[in-house]
Amino acid sequence: MNLLSDIGRFVIMLKGMFAKPENGRMYWREFMQQCAEIGIGSLGIVAIISVFIGAVSTIQTAYQLVSPLIPLTTIAQIVRDTVILEFAPTLVCIVLAGVAGSRISSELGNMRVSEQIDALEIMGINSKAYLILPKILAALIMIPLLVVIAMVLGILGGRLAGTMAGIIPANIYDKGLVELFVPYNVFFALTKSYVFAFIISTIPAFYGYYVRGGALEIGRASTKAVVVSCILILFADYILSALLL
Amino acid sequence: MIEVKNIQKSFNGKVIIEDLNAVMKAGQCNLIIGASGSGKTVLMKCMVGLFQPESGEILYDGTSFTQMNEEQRTAIRKDIGMLFQGSALFDSLNVEENILFPLNMFSTDTPAGKNERVNQVLERVNLPGVNKKFPSELSGGMKKRVALARAIVLNPKYLFCDEPNSGLDPQTSLVIDKLIRDITLEYNMTTVINTHDMNSVMEIGHYILYMYQGKKEWEGSNKEIIFSKNQRLNDFIFASDFLKDAKDMRMLEERGKIDPERNMDDLLK
């Protein structure tokens, strides 16, 4: 019953966002602010995770490919495809659910509890449109960009680890990267990143916007938002893989 | 003028406001008083549209607010200012940006004109020179004054104040009360105030609505409240012996038995 009521409220929240902005310039400013917070604010952690994921992938793949019959370029191909298909979109988005999602949830929760959302409504401002829509649009633009950056850094991290550890020479790695490359994989990864971006922005916004109580409830809402977002990301990952691959 | 007609509101089957009627006139401070849980805040939230009453009507100068669609409500909300209990200032914005926010959203004035208006309202609430400070750097009383400045920056016709004195010392409470009263008279606003503060009741209560368990128990002015025989009201307002004595003194003053300008030093000799 609670689940159905939550789904209903979630749909109403999304529907309530679509209204004519009271002042386009203020909405644009809020959108740019959110782009900076979601995009630039998460860039550091995304870069660190991506480089290490790529590096670990290279070392572990090399460790498992013991047959001398398999060419070294295969390591680069496996790292490339794993990073593009799974690590960059899914793992990075799970991290972003924690970083950006908890921020969205706690920001809106704090605004709700301290009556700032009520203050917006009293001023005649559609609080859902002003507070939630720019976050969703910013996530839909910035998260796929972060995923592309994660792909590049992941592959570069793999190259760096491979050459530094003497597993694979740089020219062989580069040769492997372009061999049997399927551009559809990038399309698939970006499709996933758009779906995950929607989850990362809307679920925490929902839990934050409708929080009731005080500081404790804001914390609980943030935790719940991150947990639900992660589960939905993994679920969506499975569905999209089954449908599109 | 705001008219409240037969308002009914309940949550999870529990009636919070029952068949309540009131008329709140322009150019005066209309106080809603009552114990915690008596429905004051719910009534105010119904009046500003944050809650939808189950039945009854709220009329703003004769126009039914309860029957308006969201677009019409948005239009009338530009005439409403509200001072929240916790001030509800935007944490990420400084004082100037907080007050500029409604101006940027709705005013077509030039940036210089908007800044001038910000300084004007800050001076009006006796807070010049705090433009660049953030809410976290302000005291409770200063936050309330900034929130009041933000509430009046668009020259609203209706001002709502939810417990404006909560958490403030008696002296600052007096300053806030005086400000609200002066601004109400100056702009001829319809001001509605939720309060527990008995000093506010006696000082600025042009019209007082006393709520008891979601119903209107008593209404009148701060002059009439002194002579009220309503036991529940008297128990609530004049709860302590000190306040009972103060009431008796005020009654004697009003009836001319004691000179209001009496010299206490002479009397104590």
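**Which strands of chain B does helix 6 of chain B lie across?** Helix 6 of chain B lies across strand 3, strand 7 and strand 8 of chain B. The helix runs at about 135 degrees to strand 3 of chain B. Axes are lines fitted to C-alpha atoms, for helices over the stretch in contact, and angles run from 0 to 180 degrees between N-to-C directions. Contact means that the C-beta atoms of two residues, placed from the backbone, lie within 7 Å. Helices (H or I, at least four residues) and strands (E, at least two) are DSSP runs, numbered from the N terminus.

This is a predicted model: local features need pLDDT of at least 70, side-chain atom pairs count only at pLDDT 80 or more, and totals for chains, interfaces and linings use all residues. Residues are numbered from 1 along each chain as its sequence is written, while chains are lettered from A and ligands numbered from 1 in the order in which they are written.

**View 1. Helix 6 of chain B has a buried side and an exposed face.** Its buried residues are S173(B), I176(B), D177(B), I180(B), I183(B) and T184(B). Turned away from the buried side are the exposed residues Q171(B), K178(B), D182(B) and E186(B). Buried means that 20 or more other C-beta atoms lie within 10 Å of a residue's own; exposed means 12 or fewer, and partly exposed lies in between, with C-beta atoms placed from the backbone. The cover over the buried residues includes helix 5 (140–152) and helix 7 (198–204) of chain B. Just after helix 6, N188(B) takes a positive phi of about 50 degrees.

**View 2. Six strands of chain B form an open sheet.** Their order is 6-7-8-3-9-10, and the pairing is mixed. Strand 6 (80–83) and strand 10 (215–220) are the edge strands, each pairing on one side only. The twist averages 20 degrees from one strand to the next. Two strands pair if DSSP finds at least two bridges between them. Strand 3 and strand 8 of chain B run parallel, joined by 6 bridges. Here L31(B) stands opposite I193(B) of strand 8.

**View 3. Strand 7 of chain B is mostly covered.** Of its 5 residues, 5 are buried. Y158(B), F160(B) and D162(B) point one way, and L159(B) and C161(B) point the other way. Strand 7 pairs with strand 6 in the parallel sense over 4 bridges. In that pairing, C161(B) is the bridge partner of L83(B). Strand 7 also pairs with strand 8 in the parallel sense, over 5 bridges. There, L159(B) has T191(B) as its bridge partner.

**View 4. V92(A) is among the residues with the most contacts inside the largest nonpolar core.** I143(A) and I200(A) are the others named, and the core has 128 residues. Helix 3 (residues 73–113) of chain A gives the largest share, 16 residues. A nonpolar core is a set of buried Ala, Val, Leu, Ile, Met, Phe, Trp, Tyr and Cys residues joined through C-beta atoms within 7 Å. Not counting residues up to four places away in sequence, V92(A) touches V46(A), I49(A), S50(A), L146(A), V147(A) and A150(A). Chain A has 8 helices and 0 strands.
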